[in-house]
Amino acid sequence: MRIGFGLDIHRFDVGDHLMLGGVRVPAPFGVKAHSDGDVILHALCDALLGAAGLGDIGEHFPDTEPKWKGAASTQLLEHVLSLLRERGYHIVNIDVTVVLEVPKVTPYKAAIRHYVAELCSITDDAVSVKATTSEMCGFIGRREGIAAYCVCLIQEQG
Ligand code: MG
């Protein structure tokens, strides 16, 4: 078994929604990002890469690479999952915490959990999605951005 950790942060920009775990969540802003700025999927990619000892998301998807410009984060995750599959790893479980003041993520947590599980070909109960605020402290408290933390466990097949 191998454990991995991932963190992703994005700054808010003009817009009307956030992509969180592949789910579109209406918001009074969007995020400034090379891709769709999905902090949950980016933190998950980094956690999976970390668990497998395969570097980080910046190495695999450099923002200078036109191929990944505007890429859906689901595509990045699919690529990371294929790297793990090639090495014979499967995912045991995933635990995510997203930190933001607004909008409330609670109504979307079940949908995010289900979609992330589906993307990873694991059952919903192997995925946990939690949300919290930063109690109005720091950049998240000032509604300047959003963060997601992810821990995952992977296991070698057979
Ligand atoms: Mg990111």
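Which residue forms a salt bridge with Arg87? Arg87 forms a salt bridge with Glu86, and their closest N and O atoms are 3.6 Å apart. This is a predicted model, in which local features need pLDDT of at least 70 and side-chain atom pairs count only at pLDDT 80 or more, while totals for chains, interfaces and linings use all residues. Residues are numbered from 1 along each chain as its sequence is written, and side-chain values use heavy atoms, with hydrogens and water left out.

**Magnesium site**

- The magnesium ion is coordinated at 2.2 to 2.6 Å by Asp8 (OD), Asp8 (OD), His10 (NE2) and His42 (ND1). Donors are N, O and S atoms within 2.8 Å of the metal (3.2 Å for Na, K and Ca); water is not among the atoms, so sites may look incomplete.
- The spacing of the donor residues in sequence is D-x1-H-x31-H.
- Asp8 belongs to strand β1 (residues 2-13) and His42 to helix α1 (residues 39-52), so this pair ties together parts that are 34 residues apart in sequence. Helices (H or I, at least four residues) and strands (E, at least two) are DSSP runs, numbered from the N terminus.
- Asp8 is buried, with a relative accessible area of 14%, and His42 is also buried, at 7%. Buried means under 20% relative accessible area, exposed over 50%, and partly exposed in between (1.4 Å probe, protein chains only).

**The sheet and its helices**

- Five strands form an open sheet in the order β4-β1-β7-β5-β6, with mixed pairing. Two strands pair if DSSP finds at least two bridges between them.
- The edges of the sheet are β4 (30-31) and β6, each of which has a single partner strand, so one side of each is left without a neighbour in the sheet.
- Strands β1 and β4 run antiparallel and are joined by two bridges; Phe12 has Val31 in β4 as its bridge partner.
- Helix α1 packs on the sheet, where it touches β1, β5 and β7 (145-156), and its direction makes about 150 degrees with that of β1. Contact means heavy atoms within 4.5 Å. Axes are lines fitted to C-alpha atoms, for helices over the stretch in contact, and angles run from 0 to 180 degrees between N-to-C directions.
- Helix α4 (residues 109-119) lies across β5 and β6 and runs at about 145 degrees to β6.

**Salt bridges**

- Four salt bridges are found in a search of the whole structure. A salt bridge is a side-chain nitrogen of Lys or Arg within 4 Å of a carboxyl oxygen of Asp or Glu.
- Asp95 and Lys130 form a salt bridge whose closest N and O atoms are 2.6 Å apart. The pair links distant parts of the chain, with Asp95 in strand β5 (residues 89-99) and Lys130 in strand β6 (residues 127-132), 35 residues apart.
- Asp95 is partly exposed at 31% relative accessibility, and Lys130 is partly exposed at 34%.
- Glu144 and Arg142 meet through their side chains in a salt bridge of 2.9 Å, N to O. Glu144 is partly exposed, with a relative accessible area of 37%, while Arg142 is exposed at 53%.

**Aromatic pairs**

- Three aromatic pairs are found in the whole structure. Rings of Phe, Tyr and Trp (its six-membered ring) pair if their centres lie within 6.5 Å; planes under 30 degrees apart count as stacked, over 60 as edge-to-face and the rest as tilted.
- The ring centres of Phe12 and Phe29 are 3.8 Å apart and the planes stand at 20 degrees, so the pair is stacked.
- Phe12 lies in strand β1 and Phe29 in the loop between β3 (23-26) and β4, so the pair ties together parts that are 17 residues apart in sequence. Phe12 is buried at 12% relative accessibility, and Phe29 is buried at 11%.
- Phe61 and Trp68 form an edge-to-face pair, 4.6 Å centre to centre, with 85 degrees between the planes. Phe61 is buried at 9% relative accessibility, and Trp68 is buried at 10%.

**Surroundings of Leu18**

- Leu18 is located in strand β2 (residues 17-20) and is buried at 2% relative accessibility.
- Not counting residues up to four places away in sequence, Leu18 touches several residues, among them Phe12, Phe29, Val31 and Ile146.
- The C-alpha atoms of Leu18 and Gly37 are separated by 7.8 Å, and these residues are 19 residues apart along the chain.
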